[in-house]
Amino acid sequence: WGYVYSVAFSPDGSVLASGSGDTTIILWSMRDGAKLRTIAGHSQYVCSLAFSPDGTKLVSGADEQEVKIWDVSDVVTTVTTTTITTMSTSATTATPT
């Protein structure tokens, strides 16, 4: 469950975010390798991560089909989240006319 499924560097290269099978996101300092913050909020493994261009937000996608936006502008303060969408896995089939 602790496997890393996704990683992303902040735009300035100072922070690495890793998304894992244990449903957490960890923010790491690229300066010294220290763990800066563990973010919990997904119920399935975190399979994608991306920072906003200014580095203040982190977007995560997980197997529970939710995309979350995290405020990581200051990893010393509490990280907040907003769930922006739930993706549908159902497919539609076109019926020929």
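This is a predicted model: local features need pLDDT of at least 70, side-chain atom pairs count only at pLDDT 80 or more; totals for chains, interfaces and linings use all residues.
**Overall make-up.** I began with the secondary structure of the protein chain and found 8 strands and 0 helices, which read along the sequence as β-β-β-β-β-β-β-β. I then looked up burial for the protein chain, and buried residues make up 35% of its 97 residues. The accessible surface came out at about 6,000 Å², with 55% of that area belonging to carbon and sulfur atoms. For contacts with a separation of 6 or more, I noted that residues 24 or more positions apart account for 26%.

**The E2 side.** I looked up the pairing of E3 with strand E2, residues 15-20, and found it to be antiparallel over 5 bridges; within it, glycine 19 has isoleucine 25 of E3 as its bridge partner. The hairpin of E2 and E3 leaves 3 residues between the strands, and I noted there that threonine 23 takes a positive phi near 75 degrees.

**The E4 side.** I then checked strand E4, residues 35-40, which pairs with E3 in the antiparallel sense over 5 bridges, and I recorded lysine 35 in E4 as the bridge partner of tryptophan 28. In the hairpin of E3 and E4, where 5 residues lie between the strands, the positive phi that I wrote down belongs to glycine 33, near 80 degrees.

Key: Residues are numbered from 1 along each chain as its sequence is written. Side-chain values use heavy atoms; hydrogens and water are left out. Two strands pair if DSSP finds at least two bridges between them. Helices (H or I, at least four residues) and strands (E, at least two) are DSSP runs, numbered from the N terminus. Buried means under 20% relative accessible area, exposed over 50%, partly exposed in between (1.4 Å probe, protein chains only). Contact means heavy atoms within 4.5 Å. Accessible areas come from the Shrake-Rupley method with a 1.4 Å probe; for residues, only the protein chains shown count as cover.
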